[in-house]
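The sequence and the structure are shown first.

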Amino acid sequence: EVGSPQERTDEAAEVLAAIRSLPEAYCETLVLRLVEGMSGKEIAERTGLKPESVRVNLSRGMEMLRQKLGINGAKQ
(Lines give C-alpha, C1' and ligand atoms only; values in the text may rest on other atoms or scores of the structure.)
Protein backbone atom coordinates (compact mmCIF):
# COMPACT_ATOMS: atom_id res chain seq x y z
CA GLU A 1 0.00 0.00 0.00
CA VAL A 2 1.49 3.31 -1.12
CA GLY A 3 -0.79 5.44 1.01
CA SER A 4 -3.73 7.67 0.37
CA PRO A 5 -3.47 10.66 -1.95
CA GLN A 6 -3.53 12.91 1.13
CA GLU A 7 -0.67 10.99 2.74
CA ARG A 8 1.38 11.28 -0.44
CA THR A 9 0.61 15.01 -0.65
CA ASP A 10 1.63 15.50 2.98
CA GLU A 11 4.86 13.55 2.41
CA ALA A 12 5.69 15.58 -0.71
CA ALA A 13 5.11 18.81 1.21
CA GLU A 14 7.40 17.59 4.00
CA VAL A 15 10.17 16.72 1.53
CA LEU A 16 9.83 20.05 -0.29
CA ALA A 17 9.96 21.95 3.02
CA ALA A 18 13.10 20.01 3.98
CA ILE A 19 14.71 20.84 0.61
CA ARG A 20 13.86 24.52 1.03
CA SER A 21 15.49 24.56 4.48
CA LEU A 22 18.87 23.56 3.02
CA PRO A 23 21.57 26.11 2.12
CA GLU A 24 20.72 27.88 -1.15
CA ALA A 25 23.31 26.11 -3.34
CA TYR A 26 21.95 22.70 -2.37
CA CYS A 27 18.31 23.78 -2.39
CA GLU A 28 18.52 25.19 -5.90
CA THR A 29 20.24 22.17 -7.43
CA LEU A 30 17.91 19.70 -5.68
CA VAL A 31 14.78 21.58 -6.77
CA LEU A 32 16.02 21.70 -10.36
CA ARG A 33 16.83 17.98 -10.28
CA LEU A 34 13.99 16.50 -8.20
CA VAL A 35 11.14 18.91 -8.94
CA GLU A 36 11.98 20.19 -12.42
CA GLY A 37 13.56 16.92 -13.58
CA MET A 38 16.60 18.59 -15.09
CA SER A 39 19.82 16.71 -15.85
CA GLY A 40 23.14 17.67 -14.30
CA LYS A 41 24.19 19.27 -17.58
CA GLU A 42 20.96 21.29 -17.75
CA ILE A 43 21.41 22.43 -14.14
CA ALA A 44 24.97 23.54 -14.92
CA GLU A 45 23.75 25.52 -17.94
CA ARG A 46 20.90 27.12 -15.96
CA THR A 47 22.97 28.05 -12.91
CA GLY A 48 26.34 28.76 -14.49
CA LEU A 49 27.97 26.16 -12.23
CA LYS A 50 30.52 23.70 -13.51
CA PRO A 51 29.11 20.17 -13.97
CA GLU A 52 31.46 18.94 -11.22
CA SER A 53 30.03 21.53 -8.83
CA VAL A 54 26.49 20.44 -9.69
CA ARG A 55 27.41 16.82 -8.90
CA VAL A 56 28.95 17.82 -5.57
CA ASN A 57 25.96 20.00 -4.65
CA LEU A 58 23.50 17.23 -5.54
CA SER A 59 25.45 14.64 -3.56
CA ARG A 60 25.87 16.83 -0.49
CA GLY A 61 22.33 18.14 -0.75
CA MET A 62 20.88 14.62 -0.93
CA GLU A 63 22.91 13.59 2.12
CA MET A 64 21.65 16.64 4.06
CA LEU A 65 18.09 15.89 2.91
CA ARG A 66 18.35 12.27 4.07
CA GLN A 67 19.55 13.46 7.47
CA LYS A 68 16.73 16.00 7.80
CA LEU A 69 14.14 13.38 6.88
CA GLY A 70 15.71 10.70 9.05
CA ILE A 71 16.40 8.40 6.11
CA ASN A 72 19.29 6.00 6.61
CA GLY A 73 20.70 3.56 4.15
CA ALA A 74 22.75 3.20 1.04
CA LYS A 75 23.31 6.13 -1.27
CA GLN A 76 21.35 5.95 -4.49
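In which helix do Lys41 and Glu45 lie, and how many residues apart are they? Both residues belong to helix H3, where 4 residues, about one turn of the helix, separate them. Helices here are DSSP runs of H or I with at least four residues, strands are runs of E with at least two, and the numbering starts from the N terminus.

The side chains of Lys41 and Glu45 form a salt bridge with an N to O distance of 4.0 Å. The term salt bridge denotes a side-chain nitrogen of Lys or Arg within 4 Å of a carboxyl oxygen of Asp or Glu. Both Lys41 and Glu45 are exposed. Relative accessible area sets these classes: buried is under 20%, exposed is over 50%, and partly exposed is in between (1.4 Å probe, protein chains only).

## Basis of the model and confidence

The model is predicted; local features require pLDDT of at least 70 and side-chain atom pairs count only at pLDDT 80 or more, whereas totals for chains, interfaces and linings use all residues. Residues are numbered from 1 along each chain as its sequence is written, and side-chain values use heavy atoms, with hydrogens and water left out.

The mean pLDDT of the protein is 90, with 92% of its residues at 70 or more. This score is the predictor's confidence in each residue, on a scale from 0 to 100. Confidence is lowest in H1, with a mean of 89, and highest in helix H3 (residues 40-47), with a mean of 96.

## Overall architecture

The protein contains 4 helices and 0 strands, and its pattern along the sequence is α-α-α-α. Along the principal axes, the C-alpha atoms fill a box of roughly 40 × 25 × 20 Å. Of the 76 residues in the protein, 24% are buried.

## Helix H4

The structure holds 2 salt bridges. One of these joins Glu63 to Arg66, with the closest N and O atoms 3.6 Å apart. Side chains of opposite charge can pair when their charged atoms come close. Glu63 and Arg66 are separated by about one helical turn because they are 3 residues apart in helix H4 (residues 51-69). Glu63 is partly exposed, as its relative accessible area is 29%, whereas Arg66 has a value of 13% and therefore counts as buried.

Gly61 is also placed in helix H4. Its relative accessible area is 0%, so Gly61 is buried. Gly61 and Met38 are 23 residues apart in sequence, and their C-alpha atoms are 15 Å apart in space. Leu69 is another residue of helix H4; its relative accessible area of 23% makes Leu69 partly exposed. Between Leu69 and Ala12, 57 residues apart along the chain, the C-alpha separation is 12 Å.

Which residues form a negative surface patch? The patch consists of Glu7, Asp10, Glu11 and Glu14. Patch members have over 30% relative accessible area and no salt bridge; like charges are joined within 9 Å, and nonpolar side chains (Val, Leu, Ile, Met, Phe, Trp, Tyr) within 5 Å. Glu11 lies in helix H1 (residues 5-20). With a relative accessible area of 53%, Glu11 is exposed.

Ser21 is located in the loop between H1 and helix H2 (24-35). Its relative accessibility is 44%, and Ser21 therefore counts as partly exposed. Ser21 and Ala44 are 23 residues apart along the chain, and 22 Å separates their C-alpha atoms.

Key: Areas by Shrake-Rupley, 256 points an atom, 1.4 Å probe, with all protein chains shown as cover. Lys, Arg positive; Asp, Glu negative; His and termini not counted. Charge placed at Lys NZ, Arg CZ, Asp CG, Glu CD.
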